[in-house]
Amino acid sequence: MIIAIKPGTAGAEVQEFAAQLEQQGVRVHFSEGIRQTVLGLVGDTTGIDADALLAHHLVEKVIRVQEPYKRANRLFHPADTRIDIAGPDGETRRIGAGYLGIIAGPCSVETREQIIGISQAVKNAGAAFLRGGAFKPRTSPYSFQGLGSEGLDLLLEAKKVTGLPIVTELMDINHLEAFADVDIIQIGARNMQNFTLLKELGRCDKPILLKRGYACTITEVLMAAEYVLAGGNDQIILCERGIRSFDNYTRNVLDLSAVPALKKQSHLPVIVDPSHATGLSWMVSAMAKAAVAAGADGLIIEVHNNPEKALCDGEQSITPETFASLMVTLKKYADIEGKKI
Ligand code: PEP
Ligand code: MN
């Protein structure tokens with residue numbers, strides 16, 4: 001971090017300010033120019049708030065050289081992180097570091113028949129994980145809110161039947177105990193910056209699927225991950241699921257550039273959700289392929305046996321048949337990328 005001191009500041013004042021900075025665990029390097037002094041902070045500056053420094057009466061400008069995230073930063077962890085999850089069938093599924101993890105299933109768990117049927121279909125097509133929402137974040141309080149704990153029980157039943165590990169969204173930390181047999185905890189776009197929730201998840205030993213908030217920058221995504229990492233949980237999967245922009249042709253705008261960007265900045269695996277990104281079932285396969293071509297470490301795809309009758313997100317759900325044919329193509333894409341599926 002570089003701090004330009006206001007011209008004309010007395011040397012003693014700068015010395016005193018530098019001493020205060022050093023108390024925060026960094027070393028201060030002085031560059032004395034003709035008009036002004038520039039301080040270079042050396043060491044771990046993640047704990048130093050650049051915005052707060054700007055409020056100091058001696059400070060003219062602050063330039064951050066190092067990223068504000070440390071544990072999520074590839075600089076300090078060059079190797080890709082891989083998430084390993086053992087299913088109840090004893091088979092281990094992987095995401096990241098050369099493994100393309102495919103998560104598929106309905107937006108919401110609706111009935112036993114529905115979730116068991118879809119889970120068997122996606123398993124047969126080659127999915128590694130089953131998704132299904134039990135607690136749903138809905139824009140309207142009058143929309144279907146999910147089956148809650150009953151939905152969770154049905155999902156666990158599907159896990160037993162198929163052997164597939166399960167992914168489901170946690171909205172309330174008080175539900176964490178009920179998530180004991182959930183394999184991956186999803187934190188939805190709306191909660192990506194729920195810092196209380198993120199801190200709690202730092203203390204939990206389950207992988208977290210962290211979805212990008214729809215108006216969040218790449219740095220904000222990585223800072224959200226940093227919250228979980230700082231708490232001691234290093235099993236995080238980042239997910240690009242579309243951001244808000246001016247065009248409403250698609251539900252959101254899939255920012256595929258987020259995949260190479262996040263992977264450049266961080267060692268954490270990055271997956272893509274083409275379903276929520278586009279909101280259009282006919283576009284899902286094209287964007288799923290594009291995501292793999294862009295270097296994604298996995299996909300999370302909504303699949304429904306009867307999209308027309310789905311209680312949530314039917315318009316963006318593909319059928320088990322479409323999913324099966326997409327999987328055939330994705331295996332070829334994975335081959336080209338040198339990834340195992
Ligand atoms: C979901 O996966 O069902 C969901 C609600 O996703 P998002 O948080 O990305 O909107
Ligand atoms: Mn959905």
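Me: Which residues of helix H9 are buried?
Reply: Helix H9 covers residues 281-293, helices being DSSP runs of H or I with at least four residues and strands being E runs of at least two, both numbered from the N terminus. Buried means under 20% relative accessible area, with exposed over 50% and partly exposed in between, for a 1.4 Å probe and protein chains only. By that criterion the buried residues of H9 are Met283, Val284, Ser285, Ala288, Ala291 and Val292.

Me: On what basis are these values given?
Reply: This is a predicted model, in which local features need pLDDT of at least 70 and side-chain atom pairs count only at pLDDT 80 or more, while totals for chains, interfaces and linings use all residues. Residues are numbered from 1 along each chain as its sequence is written, chains are lettered from A and ligands numbered from 1 in the order in which they are written, and side-chain values use heavy atoms, with hydrogens and water left out.

Me: Against which elements do the buried residues of H9 pack?
Reply: Contact here means heavy atoms within 4.5 Å. The buried residues of H9 pack against strand S13 (270-272), helix H8 (274-278), strand S14 (298-302) and helix H10 (320-337).

Me: How many strands form the closed barrel, and in what order do they run?
Reply: Two strands pair if DSSP finds at least two bridges between them; strand S9 (residues 166-169) and strand S10 (residues 184-187), for instance, pair in the parallel sense over 3 bridges, with Glu169 opposite Gln186 in S10. The pairing in the barrel is parallel. The closed barrel has 8 strands, in the order S7-S8-S9-S10-S11-S12-S13-S14.

Me: At what angle do helices H3 and H4 pack?
Reply: Axes are lines fitted to C-alpha atoms, for helices over the stretch in contact, and angles run from 0 to 180 degrees between N-to-C directions. Helix H3 (residues 112-125) meets helix H4 (residues 149-162) through residues including Ile115, Ile116 and Ser119 on the H3 side and Leu154, Leu155 and Ala158 on the H4 side. With their axes 9 Å apart, H3 and H4 pack at an angle of about 35°.

Me: Which strands stand at the edges of the open sheet?
Reply: The open sheet has 4 strands in the order S2-S3-S1-S4, with antiparallel pairing. Within this sheet, 3 bridges join strand S1 (residues 2-5) to strand S3 (residues 37-42), and Ile3 has Leu39 as its bridge partner in S3. Each edge strand has a single partner strand, so one side of each is left without a neighbour in the sheet; these are strand S2 (27-32) and strand S4 (59-63).

Me: How far from the sulfur of Cys312 is the nearest cysteine sulfur?
Reply: Cys312 also counts as buried, at 4% relative accessibility. Cys312 is in no disulfide, and the nearest cysteine sulfur, that of Cys107, lies at a distance of 3.2 Å.

Definitions and conventions:
A disulfide is a pair of cysteine sulfur atoms within 2.5 Å.
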